[in-house]
There are 2 protein chains.
Amino acid sequence: MSEHALERVFRPRSAALYGISRNMQNRSNQFFLRGLMDQGFHEAAPLYLVNPNAEEIAGLRCYPSLADCPDPVDYVISLVPALTAEGLVEECIAKGVRALHLYTGGFAENLDPRRAELEQRLIARARSAGLRVIGPNCMGLYHPAARMAFIPGHPKEAGDVSVVCQSGGNAMDIISGLAQRGARFAKVVSFGNGTDLGAAELLEYAAVDPEARIVLAYVEDTSGGRALFEALRRCARAKPTIVLKGGISSAGARAARSHTASLAGSHEVFTAACRQAGAAVVRSLDEMIDLAVALSTRPREVAGPRAVLLAVGGGFSVLTTDALAACGIDLPELDGSTLARLRELVPTDGNSIENPVDTGYMGEDAEAALRAVTEAVAHDANTDFVITMLRGRDLPLDEQRRTIEELADLQERAGKPIVVAARRDVGELADEALRLAYERGVAVFPSPVSAGRAAGLLLEWRRQREGLPLLP
Amino acid sequence: MSEHALERVFRPRSAALYGISRNMQNRSNQFFLRGLMDQGFHEAAPLYLVNPNAEEIAGLRCYPSLADCPDPVDYVISLVPALTAEGLVEECIAKGVRALHLYTGGFAENLDPRRAELEQRLIARARSAGLRVIGPNCMGLYHPAARMAFIPGHPKEAGDVSVVCQSGGNAMDIISGLAQRGARFAKVVSFGNGTDLGAAELLEYAAVDPEARIVLAYVEDTSGGRALFEALRRCARAKPTIVLKGGISSAGARAARSHTASLAGSHEVFTAACRQAGAAVVRSLDEMIDLAVALSTRPREVAGPRAVLLAVGGGFSVLTTDALAACGIDLPELDGSTLARLRELVPTDGNSIENPVDTGYMGEDAEAALRAVTEAVAHDANTDFVITMLRGRDLPLDEQRRTIEELADLQERAGKPIVVAARRDVGELADEALRLAYERGVAVFPSPVSAGRAAGLLLEWRRQREGLPLLP
């Protein structure tokens, strides 16, 4: 099996932090040195610090230059100012470095023509020598399987979600948002201006990367045109791919230009191209995270838009029903046999067995009654999935775990997704319970409306994929 | 000055909890007995407990019946089942009670014709004897100035927001949501089925209630038609009035019927009527709360939809700009003199002085620099308001307070709203800082997009009020 060319970028045998500060409070130390050490990169492979004015930082030896590092250096993270980066590129070429990550900003995104020229010159020089560049103006790589990270605190276990993200801040929001929901990551690349390694090449790679089962892409620059579309198509045909485009409004496009020097094309054209390619299009990070959860858990198989909502509170149920309708999710009348069963289980006064089912006042043995209600609606013939509200905040962890296990079992028995919605935030559940839910294929959402919105997006994605090859 | 008839309902000289349980864990004890005691009602006025099987509950004496209560009873809260409520109505009439709040459900909303008849008979009997009824099937009254509440934990200080709310759960969400934002309440009425006192009469009262400066209404039943429209018009011409309609989808309308026996008319007709009346229409509780904050603070005077966004993070700024555009809020290019000033203040690399202004990397004296940046954009000639992101989570309380004071002063100096947005939640700020912000007229929102959405709703409301009398 031949190795994909980008494996040489993503699995370095050694790395250097170039221009690292002696001040550990410095922003880039906080990000990269602490990020790599948090993942234990330095314990598995040489991590060189390049600073001519220091002997040692954070217990690691410092070297005056790349040339002084004793062994080959595969991957360099640059923390130096833009105007000194040309010298660094020459040093990298001389040392035989494979990949240079330019955290360094101040290039084309400064909207100064001389800086744009500098960037072009520098990238052309690197390319001519076979040196790949991530950036400039980005956070670079989080790849837990290779113990790489650009900030401390992200999960150390590897997972199956890959992220191709033009923005470092958005990459961090995606990682922390999805990690909280129990997901783990294959590779996350923040590529900034993307002057050498850009969205197209990264998506081509994600399409064939065996670590990646689901791919998320945030892009601002769509000037890649045909190449970007082809890459997106290859990726979206191979695995579920979710795309979020930044800079779709005119003010947003201007903001994208001064963020990553991006040229945004027509949003309508791009959205149509994504859909034609078989990718799902979302409009916010929250939608992206919710849809990624839905696509990696049982809701991926949801048969249609008809849901049962199991909630507490009449007014809350009414407003949620209206909001679900706006997402294309209907709460139809339940089947006669389900209603008959609910009549046995649910006290009449203060509740409703209509759909939404409002179980506010369940009397003495509320737990057992609610379990029976969930069982009954899960087998309802008129509906495609169940949204149940979890009272998480006050439950002990073992009860949270038990509830998740029961819902996972019921989901299998009923052959139908049973999604869990918090009242306002998944944080009502313990991290461990959320991780268990994800592993057992139970999707958890911060609200019933976000659950319904994710289901609506998923069904839309499946409709637009009709005629395309089935995903594994 | 003659007293409005409903003052007799809302300012009882005494109250009775009818059918109170000896079990303090009982749901209605938790709600009403603890709610009234939390506000100190029992310290200011007689609070009678009616339970023939108890001598004393929670330190208060119990009476076997209303007739046994030694003095007049103005207000009765009924916790008895629906089928015994007719006897209670007769007891109330015999005792000369002014208002009966039927927390009791199980009437028309059960969708059983015999229960609907019972409800009609009971209300007709009460009306014939001059006894007003709140409900059935509702939480009743929270009126801090009269020390009344239907649940413990709500603010004890009185304020100027009145809420007319068909749902008890939604009333609680409005109270806790707005209280967290620093607002306080005049009167909140949860009126349930609204068979006697309904939305129309409560809005007529809110229009002239001197305690109420802003009015929020959640309604499911719009069968009141003309009377409801006239009441809404009178209220909306007198004070800012925000309306949320539950049951606008067909499934939602069915849910509303089994929640409060409501007959929902056409949503389009209702929305058009609200707008014609001069009320603001929102689509969710979050929008209602955000707009209420905007209408009671400086943004009420916002001149137009052109904002400056002061944020941290390029990708976040881009996505926020797109989302603001979808709310009708534009981020135009800043005035040349503002840009010149920002060029002096903001380091070039890694930042952007375009609008949105991204101040990620402000160097050593970041605080002072950010203050100067805020001052500069607040005086920009091209824009109508400023959205600034507050780093609240890690700030000590006195710094939070100082920041709020400075923004309040700058807002006055610049004659332009400066709204504060958290990254994800107002909970990043201390309650005390949020209260101060509200008092000083500084609006705080859970995200910059919710800030923009509130401004968009406010501008829409002002447009549709053109030609109507100016509000005070």
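# A conversation about a predicted two-chain model

Visitor: Where is Pro356(B) in chain B?
Guide: This is a predicted model. In it, Pro356(B) sits in the loop between helix H13 (336-345) and strand S15 (357-358) of chain B.

Visitor: What kind of peptide bond joins Asn355(B) and Pro356(B)?
Guide: The bond is cis, and its omega is about 10 degrees.

Visitor: And what about the bond from Asn355(A) to Pro356(A)?
Guide: That peptide bond is cis, with omega near 10 degrees. Pro356(A) is placed in the loop between helix H13 (336-345) and strand S15 (357-358) of chain A.

Visitor: What is the phi of Asn137(A)?
Guide: Phi is near 70 degrees there, which is a positive value in a residue other than glycine. Asn137(A) belongs to the loop between strand S7 (132-134) and strand S8 (140-142) of chain A.

Visitor: Let us turn to the two chains. How many residues of chain A are in contact with chain B?
Guide: On the chain A side there are 49 residues, and they are in contact with 49 residues of chain B. Between them the chains bury about 3,500 Å², with 49% of it on carbon and sulfur atoms.

Visitor: How many salt bridges are there between chain A and chain B?
Guide: The count is 6 salt bridges. In one salt bridge, the side chains of Asp173(A) and Arg423(B) meet at 2.5 Å, N to O.

Visitor: Which elements of chain A give two or more residues to the side that touches chain B?
Guide: They are helix H6 (168-180), strand S12 (241-245), helix H9 (250-260), H11 and helix H12 (314-326) of chain A. H12(A) gives the most, with 8 residues. By class, this side of chain A has 17 nonpolar, 18 polar and 14 charged residues.

Visitor: Where is H11 of chain A, and which angle does it make with H17?
Guide: Helix H11 covers residues 285-295 of chain A, and helix H17 covers residues 448-464 of chain A; their axes cross at roughly 70 degrees and come within 9 Å. H11(A) is therefore roughly perpendicular to H17(A).

Visitor: How many salt bridges does the structure hold over all chains?
Guide: The structure holds 74 salt bridges over all chains. One of the pairs is Asp74(A) with Arg98(A), whose closest N and O atoms are 3.6 Å apart.

Visitor: Which parts does that pair of Asp74(A) and Arg98(A) tie together?
Guide: Asp74(A) lies in the loop between strand S4 (60-63) and strand S5 (75-78) of chain A, and Arg98(A) lies in the loop between helix H4 (85-95) and strand S6 (99-102) of chain A, so the pair ties together parts that are 24 residues apart in sequence.

Visitor: Why can such side chains pair?
Guide: Side chains of opposite charge can pair when their charged atoms come close.

Notes
Residues are numbered from 1 along each chain as its sequence is written. Chains are lettered from A and ligands numbered from 1 in the order in which they are written. This is a predicted model: local features need pLDDT of at least 70, side-chain atom pairs count only at pLDDT 80 or more; totals for chains, interfaces and linings use all residues. Side-chain values use heavy atoms; hydrogens and water are left out. Axes are lines fitted to C-alpha atoms, for helices over the stretch in contact, and angles run from 0 to 180 degrees between N-to-C directions. Helices (H or I, at least four residues) and strands (E, at least two) are DSSP runs, numbered from the N terminus. Angles under 35 degrees count as roughly parallel, over 145 as roughly antiparallel, 65 to 115 as roughly perpendicular and the rest as oblique. Contact means heavy atoms within 4.5 Å. Buried area is the accessible area (1.4 Å probe) that two parts lose on being put together, summed over both. A salt bridge is a side-chain nitrogen of Lys or Arg within 4 Å of a carboxyl oxygen of Asp or Glu. Ala, Val, Leu, Ile, Met, Phe, Trp, Tyr, Cys and Pro count as nonpolar, Asp, Glu, Lys and Arg as charged, and the others, Gly among them, as polar.
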